[in-house]
Amino acid sequence: MSQYDVIIIGAGPGGYVSAIRCAQLGLKTAIVEGRETLGGTCLNVGCIPSKALLHATHMLHEAEHNFASMGLKGKTQSVDWDQMKSYRSDVVGQNTSGVEFLMKKNKIDWIKGWATIPAAGKVQVGDETHEAKNIVIASGSVPASLLGVEVDNDKGIVVDSTGAIDLPKVPKKMTVIGAGVIGLELGSVYARLGSEVTVVEYMDAVCPGMDADVQRSFKRILEKQGLKFIMGAAVQGVDTTKTKAKVKYQPKKGGDEEVLDADVVLVATGRKPFYEGLGLDKLGVTLTERGQIAVNGSWATNVPGIYAIGDVIEGPMLAHKAEDEGMAVADVLAGNHGHVNYGVIPGVVYTTPEVATVGATEAALKAEGRKVKVGKFMFMGNARAKAVHQAEGAFAKIIVDAETDRVLGAAIIGPAAGDMIHELCVAMEFGASAQDIALTCHAHPTYSEAVREAALACGDGPIHA
């Protein structure tokens with residue numbers, strides 16, 4: 001029987017990062033993973049492969065729509081879908097092998113297989129039982145199902161995000177159920193590849209919960225890129241044949257049932273925690289009303305010695321949130337203080353343009369009765385954005401406390417938004433004001449100047465607007 005200071009179940013971003021941090025802090029560490037490769041959903045079938053496809057298809061879009069205007073003329077681009085998938089797989093392989101190298105470098109044992117926790121302090125994998133002073137559950141999430149819709153990735157007609165990145169061919173017509181991050185990213189991929197993409201969303205705005213200004217502008221931009229939207233629609237079910245599907249939906253406000261024909265239906269209605277087979281019910285681990293593992297401020301469950309992080313607990317299902325919790329729980333297990341500032345976790349949509357947000361929205365703050373100021377700057381005043389054809393409809397927005405000028409939230413829709421948002425994350429982490437950002441020199445010409453201009457807009461006004 002192997003004995004460890006900590007065994008981590010799940011080798012996704014939360015799990016493997018936690019394992020590395022535990023090892024760095026001197027804890028004898030093992031990680032349990034049933035996949036053939038490390039990295040979890042994110043590296044294998046989620047964040048990384050989808051970003052590879054987004055990048056490849058963005059290059060295609062640029063070639064088809066912008067190269068000629070920049071003086072780049074010549075060969076006509078064509079799509080080799082199999083080669084594109086091979087490129088995607090190469091990117092995944094580089095990342096998963098990199099994580100395996102890090103496990104070896106940090107002397108972390110990889111216990112291959114699926115785990116069960118027969119009792120506190122014990123982890124069973126196959127016929128072997130391993131002992132640990134502490135167990136961290138980082139088993140992630142799986143796509144959520146939708147009543148009346150049966151996903152079968154092998155058939156390639158009704159698929160979830162995993163099936164969508166590996167379709168045998170590019171469909172002529174694709175219906176996406178859900179206008180959240182996953183649906184819009186993968187919908188963008190196939191729209192660029194030539195599919196007729198229709199997004200069906202129950203709510204009245206894309207990316208529910210996001211800043212309202214961003215929602216409106218984002219939807220308009222995606223429509224110009226060819227995506228069609230049916231908002232306020234409740235999907236009733238999907239009927240399939242061997243090669244086609246019919247999506248039945250009904251307007252939320254009432255009306256007759258309508259039908260969409262599709263070659264492929266992507267179900268992108270969110271994700272749910274995954275802890276099947278761990279034996280949490282027998283252990284008596286408390287769950288929340290939403291089926292998440294309940295933890296305290298130190299990520300401990302109600303069962304001594306068992307902790308949980310990432311998608312299985314409350315909070316946004318984001319890889320970087322899981323990573324933060326992974327490092328924090330490692331610090332706790334080593335006798336230190338673990339820190340995660342849940343008010344400063346950015347969210348990013350990796351379409352073109354990118355969308356990034358952090359902190360509270362303007363609407364949420366006003367609903368709380370907070371007095372705020374809003375600084376907004378359109379990228380049409382940013383020279384760099386205009387040079388790359390990504391200025392139209394794009395902007396940076398900063399929300400600050402009206403009295404203290406402290407930054408409370410921000411939203412960016414524009415080129416490299418996912419990178420630029422971190423300036424605002426750091427500002428919020430250190431309690432900075434909009435004036436602090438406005439007084440900080442920003443290089444020219446950069447996209448980041450838009451952030452400074454938005455900060456200036458919180459005061460006397462921007463320069464280039």
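Contact, as used below, means heavy atoms within 4.5 Å. The model is a predicted one, in which local features need pLDDT of at least 70 and side-chain atom pairs count only at pLDDT 80 or more, while totals for chains, interfaces and linings use all residues. Residues are numbered from 1 along each chain as its sequence is written, and side-chain values use heavy atoms, with hydrogens and water left out.

**Nonpolar cores**
- A nonpolar core is a set of buried Ala, Val, Leu, Ile, Met, Phe, Trp, Tyr and Cys residues joined through side-chain atoms within 4.5 Å, where buried means under 20% relative accessible area with a 1.4 Å probe and protein chains only.
- The largest nonpolar core holds 53 residues, of which Ile 8, Ile 31, Met 103, Val 123, Val 136, Ile 137 and Ile 293 touch the most other members.
- Helix α1 gives this core its largest share, 6 residues.
- Leaving aside residues up to four places away in sequence, Ile 31 touches Ile 8, Gly 10, Ala 11, Gly 15, Tyr 16, Ala 19, Met 103, Ile 108, Asp 109, Trp 110 and Ile 111.
- A second, separate core of 39 residues includes Ala 164, Ala 191, Leu 222 and Phe 395.

**Helix α4**
- Helices (H or I, at least four residues) and strands (E, at least two) are DSSP runs numbered from the N terminus.
- Helix α4, residues 81-105, has 25 residues and reaches 36 Å from its first C-alpha to its last, close to the 36 Å expected at 1.5 Å a residue, the expected span being 1.5 Å times one less than the number of residues.
- Buried residues of α4 include Trp 81, Lys 85, Arg 88 and Met 103, and what covers the buried residues of this helix includes α1 (13-24), β2 (29-33), α2 (40-45), α3 (47-65) and α6 (181-192).
- Just after α4, Lys 107 takes a positive phi of about 55°.

**Cavity**
- On a 1 Å grid over the protein atoms alone, a cavity is a set of points where a 1.4 Å probe fits but cannot get out, and lining residues have an atom within 4 Å of a point.
- Grid points are joined across faces, edges and corners, and a volume is the space filled by probe spheres set on the points.
- By this rule there is 1 cavity of 30 Å³ or more, and the largest cavity has a volume of about 40 Å³.
- The largest cavity is lined by Pro 143, Ser 161, Ile 182, Val 267, Ala 268, Gly 270 and Arg 271.

Note on methods. Buried < 20%, exposed > 50% of the residue type's maximum accessible area, 1.4 Å probe, protein only. 1 Å grid on protein atoms, 1.4 Å probe; cavity = no way out; pocket = protein on both sides within 12 Å on 5 of 7 lines; lining within 4 Å.
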